[in-house]
Amino acid sequence: MSHYLFCTFTKKQTTVSLLTKAQDKFFKAVFSRKEIVTELFQKTLSDEVLPLLNLDGLELVSGSFVDGKLKEHFADLVYRCHLTDKGEVQIVLLLEHKSYQEAFPHFQLLQYFLGLWNQHVKQQEKPVFIIPIVFYHGKTTWHYQRMQDYFSDIPTPLLRYLPMFDYDLIDLSAMKDHQIEDFKNGFLAVSTFLLKHRHQQNYIKVLENQFVSLMKRVEIQEDEELMESILMYIQNTNDLQVEELLFIFDKISNETKLKAMSTYERVIDETNYEAIKNLLKEGLVTDVERLRAVFKLSKKKMEAFLKRIESEK
């Protein structure tokens, strides 16, 4: 029987904004790394639970375990994890993207549990055990409630009819910066720092010394893809001009600055492409030369865009 460790996070039910997309992509890029998730659990799971799990054998499993309806709320990262003495266990990690606390997190988690367990029943498999973990990085401290706290004035003898379960909580708003700095994995330290402080305006500039110090702990060559995700996330969660960000990156290393410049050029390039494609598709602009002038593109670049648009039809 297969058992898994699940990392999931909620999405906004409204139109997904650029920031939300950036956060989704950033979270997956970071927490798809076994070494990062392993240390996160080692540092945040309780002393009672941690010894029961063989995190050395943690394994990322591809594929989604939520149906179409649940995907409106979750996008899952799935891990396989064994118990230290017998069998395996499933864990759910839920990252809350909203800037406010979820009113009824148990309800969303319960939907997820039922969706997964129903799959097992249909496949004639034994239901797996799940430990839910909520990863939260909103502005204010998360107020934890038990399932029974949602229901007031219910006599104690009736509470046994509720589906009682708890979830573990990783609340970055309550995590001190020195705790983040204590993470051994540099990428984990940088990522949790960014997720914690992104609500603060121009946080990279305001917390420049801390940011530079943490970034000096990671090497671009160690994981270029993850480094690029970090740079993209910073670009999407700051109001600073690119020139201001590059000035800060130069304090980390010249290599980081060059990587940032390359990343931002691709971001701008892709943004221009999507805008031109949509304008042509909707028929809002038909004059190609006018588009080229507005977006300040070379003739060669415009031709490449048009060729790509044609190939995607």
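These legends go with several close-up views of one predicted model.

Residues are numbered from 1 along each chain as its sequence is written, and side-chain values use heavy atoms, leaving out hydrogens and water. In this predicted model, local features need pLDDT of at least 70 and side-chain atom pairs count only at pLDDT 80 or more, while totals for chains, interfaces and linings use all residues.

**View 1**
Helices (H or I, at least four residues) and strands (E, at least two) are DSSP runs, numbered from the N terminus. The chain has 313 residues, and 45% of them are buried. Buried means under 20% relative accessible area, exposed means over 50%, and partly exposed lies in between (1.4 Å probe, protein chains only). The accessible surface comes to about 16900 Å². Carbon and sulfur atoms own 51% of that surface. These areas come from the Shrake-Rupley method with a 1.4 Å probe; for residues, only the protein chains shown count as cover. Among contacts with a separation of 6 or more, 72% join residues 24 or more positions apart. A contact means heavy atoms within 4.5 Å.

**View 2. The second largest pocket has a volume of about 380 Å³.**
Rolling a probe the size of a water molecule over the atoms shows where empty space is left. On a 1 Å grid over the protein atoms alone, a pocket is an open set of points where a 1.4 Å probe fits, with protein on both sides within 12 Å along at least five of seven lines. Lining residues have an atom within 4 Å of a point. Grid points are joined across faces, edges and corners, and the volume is the space filled by probe spheres set on the points.
The second largest pocket has a volume of about 380 Å³, and of the 18 residues that line this pocket, V49, F129, I130, I131 and P132 are the closest to its centre. Helix α3 (105-122) and strand β5 (130-136) each supply at least two residues of the lining. The largest share, three residues, comes from β5. By type, the lining divides into 14 nonpolar residues, one polar and three charged. Here Ala, Val, Leu, Ile, Met, Phe, Trp, Tyr, Cys and Pro count as nonpolar, Asp, Glu, Lys and Arg as charged, and the others, Gly among them, as polar.

**View 3. Ring pairs link Y136, W142, Y144 and Y167 into a cluster.**
Rings of Phe, Tyr and Trp (its six-membered ring) pair if their centres lie within 6.5 Å. Planes under 30 degrees apart count as stacked, over 60 as edge-to-face and the rest as tilted. The structure holds 15 aromatic pairs. One of them is W142 with Y167, edge-to-face, at 6.4 Å centre to centre and 90° between the planes. Both W142 and Y167 lie in the loop between β5 and β6 (168-171), so the pair ties together parts that are 25 residues apart in sequence. W142 is buried, at 6% relative accessible area. Y167 is buried as well, at 4%.
Y167 also pairs with Y144. That pair is tilted, at 4.5 Å centre to centre and 50° between the planes. Y144 and Y167 are in the loop between β5 and β6, 23 residues apart, and their pair links distant parts of the chain. Y144 is partly exposed, with 30% relative accessibility.

**View 4. A29 sits in helix α1 (residues 18-31).**
A29 is buried, with a relative accessible area of 12%. Not counting residues up to four places away in sequence, A29 touches L226 and S229. E228 is 199 residues from A29 along the chain, yet their C-alpha atoms are separated by 9.7 Å.

**View 5. N272 belongs to helix α10 (residues 254-281).**
N272 is buried, at 17% relative accessible area. Leaving aside neighbours within four places in sequence, N272 contacts F295, L297 and F305.

**View 6. Q124 has a positive phi in a residue other than glycine.**
Phi of Q124 is near 55°. Q124 is found in the loop between α3 and β5. At 76% relative accessibility, Q124 is exposed.

**View 7. D153 has a positive phi in a residue other than glycine.**
Phi of D153 is near 60°. D153 is placed in the loop between β5 and β6. D153 is exposed, with a relative accessible area of 75%.
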